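Subject: A structure for you to look at

Hi there,

I am passing a structure on to you, and I hope you enjoy looking through it. Please open it first and keep it beside you while you read.

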Amino acid sequence: MSYELADAHVADMRAQVWTLTRATFTGAAILLREKAAYRSTSFRVKRATVERCRVAVAR
């Protein structure tokens, strides 16, 4: 899967797992694994309140 974000804010850029404190999801596509640029990247979306959405991105 490939996804796109805009206006992403990372809590700590030096952390092994980035925690986005704010981002706008702009799109996604399902790709063959061998066609993906980053084959081991993954993400999880946590349930959030209306005021805040938190996404963890593993590099």
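This is a predicted model: local features need pLDDT of at least 70, side-chain atom pairs count only at pLDDT 80 or more; totals for chains, interfaces and linings use all residues.

Salt bridges

In general, side chains of opposite charge can pair when their charged atoms come close. Here the count comes to two salt bridges.

One of them joins D7 and R22, whose closest N and O atoms are 3.6 Å apart. D7 belongs to strand β1 (residues 2–10) and R22 to strand β2 (residues 17–29), so this pair ties together parts that lie 15 residues apart in sequence. How exposed are the two partners? D7 is partly exposed, with a relative accessible area of 48%, and R22 is also partly exposed, at 45%.

The side chains of D12 and R14 form a salt bridge too, with 3.7 Å from N to O. D12 counts as partly exposed at 34% relative accessibility, whereas R14 is exposed, with a relative accessible area of 76%.

The largest pocket

Which residues line the largest pocket? They are M1, S2, Y3, L31, A36, A37, Y38 and T41. The space in this pocket is about 200 Å³. Sorted by class, its lining has six nonpolar residues, two polar ones and no charged residues.

The second largest pocket

The second largest pocket has a volume of about 160 Å³. It is lined by 11 residues, and those closest to its centre are M1, R33, Y38, R39 and T41. What classes of residue make up the lining of the second largest pocket? There are seven nonpolar, two polar and two charged residues in it.

A closer look at R33

R33 sits in the loop between β2 and β3 (42–45). At 59% relative accessibility, R33 counts as exposed. R33 and M1 are 32 residues apart along the chain, and their C-alpha atoms are separated by 8.1 Å.

Happy exploring, and do write back with any questions.

Best wishes

Definitions and conventions:
Residues are numbered from 1 along each chain as its sequence is written. Side-chain values use heavy atoms; hydrogens and water are left out. A salt bridge is a side-chain nitrogen of Lys or Arg within 4 Å of a carboxyl oxygen of Asp or Glu. Helices (H or I, at least four residues) and strands (E, at least two) are DSSP runs, numbered from the N terminus. Buried means under 20% relative accessible area, exposed over 50%, partly exposed in between (1.4 Å probe, protein chains only). On a 1 Å grid over the protein atoms alone, a cavity is a set of points where a 1.4 Å probe fits but cannot get out, and a pocket is an open set with protein on both sides within 12 Å along at least five of seven lines; lining residues have an atom within 4 Å of a point. Grid points are joined across faces, edges and corners, and a volume is the space filled by probe spheres set on the points. Ala, Val, Leu, Ile, Met, Phe, Trp, Tyr, Cys and Pro count as nonpolar, Asp, Glu, Lys and Arg as charged, and the others, Gly among them, as polar.
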